[in-house]
Amino acid sequence: MVKLKNFFKKVGLWFKNHAPTKRRLIQIYTALLYNANIKGFVVGDIYKGNTKYACVPGFNCYSCPGAIGACPLGSLQDSLAQSGQRAPFYILGILALFGLIFARTICGFLCPVGLGQELLYKIKTPKLRKSRYTRILSYFKYVLLVVFVLAIPLITSSSPGFCKYICPVGTFEGAGGLLSNPNQYDKFESLGFLFSWKFIVLVIVVLASIFVFRFFCRFICPLGAIYGFFNKYALIGVKLDDKKCVDCGRCIQHCKMDIKHVGDHECINCGECIPVCPTKAISWKGSKLVLAGIDTSVLEEEKAPLKAMAVKGKTVEARVADDTEIVKTEIANTEPVNTELAATDIEEQEERIKEVKAKIKKRGFWLQFTAWAVALAVLVTALVYYNFVAKSDEVDNIYKVGDTFIDPEKDDVVLTKVYLTAGAYNEDGTVMESLSLQSLLGKVTVFNFWYTDCAPCVRELPEFEEVKKSYGDEINMIVVHSNNGLSEKMVQDFIDGDSGTGKTSSWSDWQLIFTHDNAEVNLYHTLGGKSGFPRTVIMDAQGVITYQWENILGKQVLIEQIESAMNK
């Protein structure tokens, strides 16, 4: 019995020593909440509901199968690319709001990427300590912010530079999350050089994070660079009381980030410097809001008499802020005092301190209990809603092989047509005509879904053009650009091969009919598309779907399927 009791005692002690901190619990909670659509990993599709229009505070890829919100950095690049059409007030306002409230506290508490790096850093290996060289390298993320997040989207008006060329988070959460599903294995063959390059970047970041604390946050993350500008002004974070600070440097030595002082632009406000400060000069900003109703200043008033009641040349030990903390204050050159009176006064002062501390502790307990209860309720609600209530598809009717999609007896479907000739736009930049799908009846029709930043899509379109030229007017070949926020004019610029689009030649003399999907028609999802591009759908002359394929489609297979549809 004694042995069994000792066993449980040891188990309890182990759990106590290895229990996650509150910060770690918040990090895990945030990662789960951001990616509450767990079924996305099972079905291999991303959620595209209304909450995807809202940005989460931390770094979390829009294309992650579990994501229920948008990444603020990706949204910023997208809004800048479209700034010629509309000012990006929404995303700039959201970033400013997050910055002014939390700043880089988001990095320390609310970012799943930060959690992943800290877990990797726990792997027992030799570690690279910070130095003046790492501090210099920490400014590299500001270069990435200016060039890839701001300049490239503004110049090209289409390309999210950081997401497209660098972001390892998108590679891991987006591409990795989708390709981890067995239903998506056939897409591996369509991955080109760009994915290979980003996969190399991902491997470098993962390996480096094992040896360097928060490698991505310190040297690469542009979102952290943005939030760093707000650190000084944020409502919540850590602060330093200059009057108490003795410049001992313990906070900087203890911190693994490349800070020069507490709360600067590199500080992630994790709060781990607070307990190591010998003079208690570091504290939380916004703590008075949490402890509203309790006048904590009384503690300082009660501590003063205890410190003053010292006999010359001796040290007085007094508990002040916490029963487990001992404040040792050596007072020199003071006059002797009545020790009996001093002892009585000390007891009275300690009693008053205990009363105030008890009130603070009680209020803090109920505040934390309420906060965790509400947070848990929100998480459970999100998990239930996104996995059992929310629709996995954006459309009610999804057409499959054998279904009649174009029916003259039903309402017509109209797509926006992207012209290949000059002068085809109205003064406001809109196109002058649309394409009726019912006008396609009588011929075999091939739909190809693509978007400008999809390298496999762009790579296969020349072969589609060759097939179209070989058949001429015998078939319809419709190329439908994704409804991903790019305007018709932006797609037209890409087709024309304008400078900055990334294309080396113009497609303006092609026979393909370029069109543009939209939220009302949602042709991509109506014809069975989920998240993969390119996608090809073929219909016979009666509008019946005969073939669907989500990947690069070889020229020979395309011809075979067209012939099969013609012979039906």
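1. The crossing of H4 and H5 is left-handed, meaning that the near helix is turned anticlockwise from the far one by less than a right angle. Helices here are DSSP runs of H or I with at least four residues, strands are runs of E with at least two, and both are numbered from the N terminus. The contact (heavy atoms within 4.5 Å) involves Pro 72, Ser 75, Leu 76 and Ser 79 of H4 and Ile 91, Leu 92 and Leu 95 of H5.

2. H4 covers residues 72-81 and H5 residues 89-101; they pack at an angle of about 145°, with axes 9 Å apart. Axes are lines fitted to C-alpha atoms over the stretch in contact, and angles run from 0 to 180 degrees between N-to-C directions.

3. The model is predicted; local features need pLDDT of at least 70 and side-chain atom pairs 80 or more, while totals for chains, interfaces and linings use all residues. Residues are numbered from 1 along each chain as its sequence is written, and side-chain values use heavy atoms, without hydrogens and water.

4. H19 (residues 455-471) bends by about 30° at Leu 461, the bend being the angle between axes fitted to the seven residues ending there and the seven starting there. A proline, Pro 462, follows within four residues. After H19 comes Gly 472, with a positive phi near 60°.

5. Buried residues (under 20% relative accessible area, 1.4 Å probe, protein chains only) of H19 include Leu 461, Phe 464 and Tyr 471. The buried residues of H19 pack against elements including strand S7 (444-450) and helix H22 (555-566).

Conventions. The expected span of a helix is 1.5 Å times one less than its number of residues. Buried means under 20% relative accessible area, exposed over 50%, partly exposed in between (1.4 Å probe, protein chains only).
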